[in-house]
Amino acid sequence: MSDARIAFFDDAAWDWDRDVPDFMQTPVFAEWWRTVSLRHGQVVLEIGCGTGRLLPLICGCVNPGGAVCGLDFSLGMLTKAKARCTGMPIHFLCAAAHYLPLPSATCDVVFLVSTFPHLQPRTRALQQIHRVLKPNGRLYLAHFDSRETINNRHRTIGSAVINDLIPTPNKIIELLTSCGLTTTSLDARPDRFFLYASKKT
Ligand SMILES: C[S@@+](CC[C@H](N)C(=O)[O-])C[C@H]1O[C@@H](n2cnc3c(N)ncnc32)[C@H](O)[C@@H]1O
């Protein structure tokens, strides 16, 4: 993680909802969401929640009885997310993924939506995700474009995100395995990159 990356997202936050198409309006999002399993009472963490687009939906699925935390290292993003989610029972944390300020084995589900490539140091962030997940807890990683499109976008944007690339499917599975996360499914197509993993130990 670098301060330059935080500054990049802080700058982007103000116009994010105007400039970045809302993935939730796409048919591929609806398809993905049907595969996501959430139920009342669960504890869910979204890392890199950005302006909070997904949080109200998560909140509706796990409540009553659940708990939702939106975490982001950009205060600009969190400010937008808090405004969007006013009145909803959502906890917000300004923190980096490689140092999650949460007790071990507390989360049923962790979401990484369009965030995985930015996580640095990557192994340390995945070890933290493994730590906060309960046994059999699940990690959902989603992008609503192909891996190639996302990587080319980051190379084109340049600056702080130029090296924020999604590894090949084999490499990402290997990386997750080395952090104690078992990949159950990986769906890489021209309009998506979805991965679902769980904590076995
Ligand atoms: C591409 S945006 C996606 C935001 C949101 N999930 C969405 O899809 O609209 C990535 C988000 O992750 C956050 N982020 C990137 N790296 C992070 C890290 N290491 N720890 C916490 N947040 C991070 C950024 O600040 C940004 O809000």
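The chain contains an open sheet of seven strands with mixed pairing, in the order β3-β2-β1-β4-β5-β7-β6. Two strands pair if DSSP finds at least two bridges between them. Strands of a sheet pair through backbone hydrogen bonds, either parallel or antiparallel. At the edges stand β3 (90–94) and β6, each with a single partner strand, so one side of each is left without a neighbour in the sheet. On average, and with direction ignored, neighbouring strands of this sheet are turned by 15° against each other. Axes are lines fitted to C-alpha atoms, for helices over the stretch in contact, and angles run from 0 to 180 degrees between N-to-C directions.

The model is predicted: local features need pLDDT of at least 70, side-chain atom pairs count only at pLDDT 80 or more, and totals for chains, interfaces and linings use all residues. Residues are numbered from 1 along each chain as its sequence is written. The chain holds eight helices and seven strands. Helices (H or I, at least four residues) and strands (E, at least two) are DSSP runs, numbered from the N terminus.

Two of the strand pairs may now be followed. Strands β1 and β2 run parallel and are joined by five bridges. Within this pair, Glu 46 has Gly 70 of β2 as its bridge partner. Helix α4 packs on the sheet, where it touches β1, β2 and β3, and its direction makes about 160° with that of β2. Helix α6 also packs on the sheet, touching β1, β4, β5, β6 and β7; the direction of α6 makes about 135° with that of β5. Strands β4 and β5 pair in the parallel sense over six bridges. Here Cys 107 has Leu 133 of β5 as its bridge partner.

The next topic is burial. A residue is buried if 20 or more other C-beta atoms lie within 10 Å of its own, exposed if 12 or fewer, and partly exposed in between, with C-beta atoms placed from the backbone. Of the 201 residues of the chain, 36% count as buried. Strand β5 is mostly covered, since eight of its 11 residues are buried. Pro 135 is found in β5, yet Pro 135 is exposed because 9 other C-beta atoms lie within 10 Å. Leaving aside residues up to four places away in sequence, Pro 135 touches Ala 105 and Lys 199.

Helix α6 (residues 122–132) has Ala 125, Leu 126, Gln 128, Ile 129, His 130 and Val 132 as its buried residues. An α-helix has 3.6 residues a turn, so residues three or four places apart point the same way. Among the elements that cover the buried residues of α6 are β1 (43–47), β4 (107–113), β5 (133–143) and α8 (169–178). Two residues are in contact if their C-beta atoms, placed from the backbone, lie within 7 Å.

Cys 61 lies in helix α4 and counts as partly exposed because it has 18 C-beta neighbours inside 10 Å. The C-alpha atoms of Cys 61 and Gln 42 are separated by 8.8 Å, although these residues are 19 residues apart along the chain. Pro 64 is found in the loop between α4 (55–62) and β2 (67–72). Pro 64 counts as exposed because it has 7 C-beta neighbours inside 10 Å.

Helices also meet one another. The axes of helix α1 (residues 3–13) and helix α5 (residues 75–84) come within 7 Å and cross at roughly 35°. In this contact, α1 contributes Phe 9, Asp 10 and Ala 13, while α5 contributes Leu 75, Gly 76, Met 77 and Lys 80. By class, the contact comprises four nonpolar, one polar and two charged residues. Ala, Val, Leu, Ile, Met, Phe, Trp, Tyr, Cys and Pro count as nonpolar, Asp, Glu, Lys and Arg as charged, and the others, Gly among them, as polar.

There are 19 residues around the ligand, of which Phe 9, Gly 48, Gly 50, Ser 74 and His 118 come nearest. A residue is near a molecule if its C-beta atom, placed from the backbone, lies within 6 Å of it. The shell around the ligand divides into 11 nonpolar, six polar and two charged residues.

Finally, the chain may be viewed as a whole. With 201 residues, a compact globule would have a radius of gyration near 17 Å, and the chain, with 16 Å, agrees. This radius is taken over C-alpha atoms, and the globule rule is 2.2 Å times the number of residues to the power 0.38. Along its principal axes the C-alpha trace spans about 45 × 40 × 35 Å.
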